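Welcome, and please take a moment to look over the sequence and the 3D structure. The briefing below will walk you through them.

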Amino acid sequence: MTRFTLILVLCAPALAAAAPANPCSVSGTAYDFAGRPLRDAVVRLTDTRSQSAAFLVTDAQAGFAFADLAPDAHYRIDLLSAPTVVTGSRLPTRSILGMSPAFACMAGNTAHADVRMQVY
């Protein structure tokens, strides 16, 4: 028990440093071509500087919400297709069906960014 307590005491500063101070969050809604809410769609949040990404599936109202994000960063939301397997490959791939403009997420705030299917 003493060893476990010692490990917790020694690791606590490292764990605290890993968590973003005063994080931000991003929420929005996914829409199809006609502007109807698109539920059960996969959205990807990408940090435009580090290129790190997080994924969510939209809820019954086509909404999504990413929490505890790095503050003062710039993000983009992508709407992704269902996975498909390319002929000659066994790896499922997804296409980008739509993307939001890049936006900033300031410390302690919630940014709102909707994404809509687009025709390319």
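Predicted model: local features only at pLDDT ≥ 70, side-chain atom pairs only at ≥ 80, totals over all residues.

Residues are numbered from 1 along each chain as its sequence is written, and side-chain values use heavy atoms, with hydrogens and water left out. The protein chain has one helix and 11 strands; helices (H or I, at least four residues) and strands (E, at least two) are DSSP runs, numbered from the N terminus.

**The chain as a whole**

- Along the sequence, the order of elements in the protein chain is α-β-β-β-β-β-β-β-β-β-β-β.
- Of the 120 residues in the protein chain, 30% are buried; buried means under 20% relative accessible area, exposed over 50%, and partly exposed in between, with a 1.4 Å probe and protein chains only.
- The protein chain exposes about 7800 Å², and 61% of that comes from carbon and sulfur atoms; accessible areas come from the Shrake-Rupley method with a 1.4 Å probe, and for residues only the protein chains shown count as cover.
- Among contacts (heavy atoms within 4.5 Å) with a separation of 6 or more in the protein chain, 60% are between residues 24 or more positions apart.

**Strand 1 and its partners**

- Strand 1 (residues 24–31) is largely enclosed by the rest of the structure, because six of its eight residues are buried.
- Two strands pair if DSSP finds at least two bridges between them, and strand 1 pairs in the antiparallel sense with strand 4 (residues 63–69) over five bridges.
- Within that pairing, Ser27 has Ala65 of strand 4 as its bridge partner.
- With strand 10 (residues 110–112), strand 1 pairs in the parallel sense over three bridges, and here Ser25 stands opposite Thr110.
- Strand 11 (residues 115–116) runs parallel to strand 1 and is joined to it by two bridges, with Tyr31 opposite Arg116.

**The disulfide**

- A disulfide is a covalent bond between the sulfur atoms of two cysteines.
- Counting pairs of cysteine sulfur atoms within 2.5 Å, there is one disulfide.
- Cys24 and Cys105 form this link, with an S to S distance of 2.1 Å.
- The two cysteines sit in distant parts of the chain, 81 residues apart, with Cys24 in strand 1 and Cys105 in strand 9 (residues 103–105).
- The link of Cys24 and Cys105 is right-handed, with 130 degrees about the S-S bond.
- Cys24 counts as buried because its relative accessibility is 2%, and Cys105 is buried as well, with a relative accessible area of 1%.

**The nonpolar core**

- A nonpolar core is a set of buried Ala, Val, Leu, Ile, Met, Phe, Trp, Tyr and Cys residues joined through side-chain atoms within 4.5 Å.
- The largest nonpolar core has 20 residues, and those with the most contacts inside it are Val26, Val43, Leu45, Tyr75, Ile77, Leu79 and Phe103.
- At least two residues of this core come from each of strand 1, strand 2, strand 4, strand 5 and strand 9.
- Strand 5 gives the most to this core, with four residues.
- Beyond its neighbours within four places in sequence, Leu45 has contacts that include Val26, Phe66, Leu69, Tyr75, Ile77 and Phe103.

- Arg76 is in strand 5 (residues 73–80), and its side chain makes a polar contact of 2.9 Å with that of Asp78.
- A polar contact is a pair of N or O atoms within 3.5 Å; within protein, one must be able to donate a hydrogen and the other to accept it, and residues adjacent in sequence count only if both atoms are side-chain atoms.
- Not counting residues up to four places away in sequence, Arg76 touches several residues, including Arg44, Leu45, Met99 and Phe103.
- Asp32 lies in the loop between strand 1 and strand 2 (42–47), and is buried, with a relative accessible area of 12%.
- A polar atom of the Asp32 side chain lies 3.0 Å from the backbone nitrogen of Ala34.
- Ser81, in the loop between strand 5 and strand 6 (84–85), is buried, with a relative accessible area of 14%.
- The Ser81 side chain reaches the backbone nitrogen of Ser95 at 2.8 Å.
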